[in-house]
Amino acid sequence: MITRGDILWLGIAAGVTGSLIGGMMLGIGMDLIVNGQPWGWVLLLPAAPAAALPGWLLARKLASQL
């Protein structure tokens, strides 16, 4: 049985890991673009979907416990 605490920790873990991953990709990509490197777009464009991926994986793991 999934408890309220499990859902709370899922949200906290997804928020922290998503912010770290997405923020780093966004920051490094913007730095590369500003400095004239077009490869920065490779990091910048998928930053938001990549930030959501850890939360999605954690939610699937929690849902599999039902």
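The mean pLDDT of the protein chain is 90, and 100% of its residues reach 70 or more; pLDDT is the predictor's confidence in each residue, from 0 to 100. The model is a predicted one, in which local features need pLDDT of at least 70, side-chain atom pairs count only at pLDDT 80 or more, and totals for chains, interfaces and linings use all residues. Residues are numbered from 1 along each chain as its sequence is written, and side-chain values use heavy atoms, with hydrogens and water left out.

**Fold and confidence**

- The protein chain contains three helices and zero strands, where helices (H or I, at least four residues) and strands (E, at least two) are DSSP runs numbered from the N terminus.
- In sequence order the pattern is α-α-α.
- Confidence is highest in helix H2 (residues 40-44), at a mean of 93, and lowest in helix H3 (residues 47-63), at 88.

**Overall dimensions**

- The C-alpha trace of the protein chain spans about 50 × 15 × 10 Å along its principal axes.
- The radius of gyration of the protein chain is 15 Å, whereas a compact globule of 66 residues would have one near 11 Å; the radius is taken over C-alpha atoms, and the globule rule is 2.2 Å times the number of residues to the power 0.38.
- Of the contacts with a separation of 6 or more, 53% are between residues 24 or more positions apart, a contact meaning heavy atoms within 4.5 Å.

**Surface and burial**

- Buried residues make up 21% of the 66 residues; buried means under 20% relative accessible area, exposed over 50%, and partly exposed in between (1.4 Å probe, protein chains only).
- The protein chain exposes about 4,900 Å², and carbon and sulfur atoms supply 75% of this area, as given by the Shrake-Rupley method with a 1.4 Å probe, where for residues only the protein chains shown count as cover.

- Leu20 lies in helix H1 (residues 4-34), and it counts as exposed because its relative accessibility is 52%.
- Asp6 also lies in helix H1, but it counts as partly exposed because its relative accessibility is 31%.
- Beyond its neighbours within four places in sequence, Asp6 is in contact with Met1 and Leu62.
- Asp6 and Leu43 are 37 residues apart in sequence, and their C-alpha atoms are 32 Å apart in space.
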